[in-house]
Amino acid sequence: MTSERLLFDVPGPKARRRTIIWSIISVIGIVAVIAAMLVQLARNDQMQPEQWHLFIERTALKFLGEGLLNTLKAAFAAGLIALPIAIIAAAARMSTHRTQRAVATVYIEVMRAIPVLLLIYVFVLLLPNYGIRISLFWQLAIPLVFTNSAALAEIFRSGINALEFGQSEAAYAIGLTRGQAMRYVLVPQAVRHVLPSLVSQMIYLFKGTTLGYVVSYTELLQQGKIYAEAFHVLLQTYVVIAFIYVVINASLAKLARVVDDRQRRVPS
């Protein structure tokens, strides 16, 4: 019996027909709404070609390109730092030492509970009162590191717990310590199993960079806001930016699906 049959009954002919009919109705409804929006925009002179041609000019490409580059820098730096912290936190939470386990548990649970925006406000409003000032880049990146490392730690921990018990027993049998077993045997296998979830979390991290406007960090959304106000193309600018985010996030989501499909085909 397949896993799909265990989760739900396979739809019969009538259910499949209803699904097809409702899918067609939904598509028609969505197309109708989009068409109505375009008509309304055209009536308000928001579809004029000259308003969209701005975004293929060198000035716009360079300006928004700088914002995109800054967004990618922040996301890459935060992800690069968050990953090792997450592995350490996951290992500490599974430690036999009560103190390490308690500290890791508190860190993970607290960082998962606190919104990223609140952490950013700590770096923007609170720390400067105590003479601690850091660059705009790190005011955005460090809060992303804290929150995403906690989420990634739970992903790693679930991946390690999902491994067969014999993996750790075999590592201990050949003389490896608990730390060595974790480093050389368990974590590499866990990463392989949770890779799709890691990619999904990276999508969340990438979208989190849009909070850069709070610290006036010139990421893509902030650059778009400046450009829209300068050239009076608010709607057009945000449509273009939304399209860029959709393309990048859809590419990452596709990567996660490809990795997941490969993992399913490769025997454990």
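Modeller: Gladly! Let us start with a term: a residue is called buried when its relative accessible area is under 20%, exposed when that is over 50%, and partly exposed in between. Please keep in mind that this is a predicted model.

Colleague: Let me try that on Arg-93. Is Arg-93 buried or exposed?

Modeller: Arg-93 has a relative accessible area of 15%, so it is buried.

Colleague: And how should I think about charged side chains?

Modeller: The general idea is that side chains of opposite charge can pair when their charged atoms come close. In this model there are five salt bridges. One of them joins the side chains of Glu-109 and Arg-93, at 3.1 Å from N to O. Glu-109 sits in helix α5 and Arg-93 in helix α4, which spans residues 58–93, so this pair links distant parts of the chain, 16 residues apart. Glu-109 is partly exposed, with a relative accessible area of 34%.

Colleague: Which other salt bridge does Arg-93 make with a Glu side chain?

Modeller: Arg-93 also meets Glu-154, and here the distance from N to O is 3.0 Å. Since Arg-93 is in helix α4 and Glu-154 is in helix α7 (residues 136–161), the pair ties together parts that are 61 residues apart in sequence. Glu-154 has a relative accessible area of 16%, so Glu-154 is buried.

Colleague: Where does Arg-112 come in?

Modeller: The side chain of Arg-112 forms a salt bridge with Glu-154, at 3.6 Å from N to O. Arg-112 belongs to helix α5 and Glu-154 to helix α7, and the two are 42 residues apart. With 46% relative accessibility, Arg-112 counts as partly exposed. Through shared partners, salt bridges connect Arg-93, Glu-109, Arg-112, Glu-154 and Arg-157 in one network.

Colleague: That helps a lot. What about positive charges gathered on the surface?

Modeller: Look for Lys-14, Arg-16, Arg-17 and Arg-18, which form a surface patch of positive charge. Take Arg-17, found in helix α2 (residues 13–43). Its relative accessible area is 49%, so Arg-17 is partly exposed.

Colleague: Which residues form the nonpolar patch on the surface?

Modeller: The nonpolar patch consists of Phe-76, Leu-80, Ile-81, Ile-85, Leu-126, Tyr-130, Ile-132, Ile-134 and Trp-138, and together they have about 860 Å² of accessible area. Helix α4 gives the most to this patch, with four residues. Leu-126, another member of the patch, lies in helix α6, residues 116–126. Leu-126 has a relative accessible area of 41%, so it is partly exposed.

Colleague: How many residues apart along the chain are Ala-113 and Ala-150?

Modeller: They are 37 residues apart along the chain, and their C-alpha atoms are separated by 9.6 Å. Happy exploring!

Key
Residues numbered from 1 in each chain as written. Predicted model: local features only at pLDDT ≥ 70, side-chain atom pairs only at ≥ 80, totals over all residues. Heavy atoms only, no water. Patch = residues over 30% accessible without salt bridge, like charges linked within 9 Å, V, L, I, M, F, W, Y side chains within 5 Å. Areas by Shrake-Rupley, 256 points an atom, 1.4 Å probe, with all protein chains shown as cover. Salt bridge = Lys/Arg side-chain N within 4 Å of Asp/Glu carboxyl O. Lys, Arg positive; Asp, Glu negative; His and termini not counted. Charge placed at Lys NZ, Arg CZ, Asp CG, Glu CD. Buried < 20%, exposed > 50% of the residue type's maximum accessible area, 1.4 Å probe, protein only.
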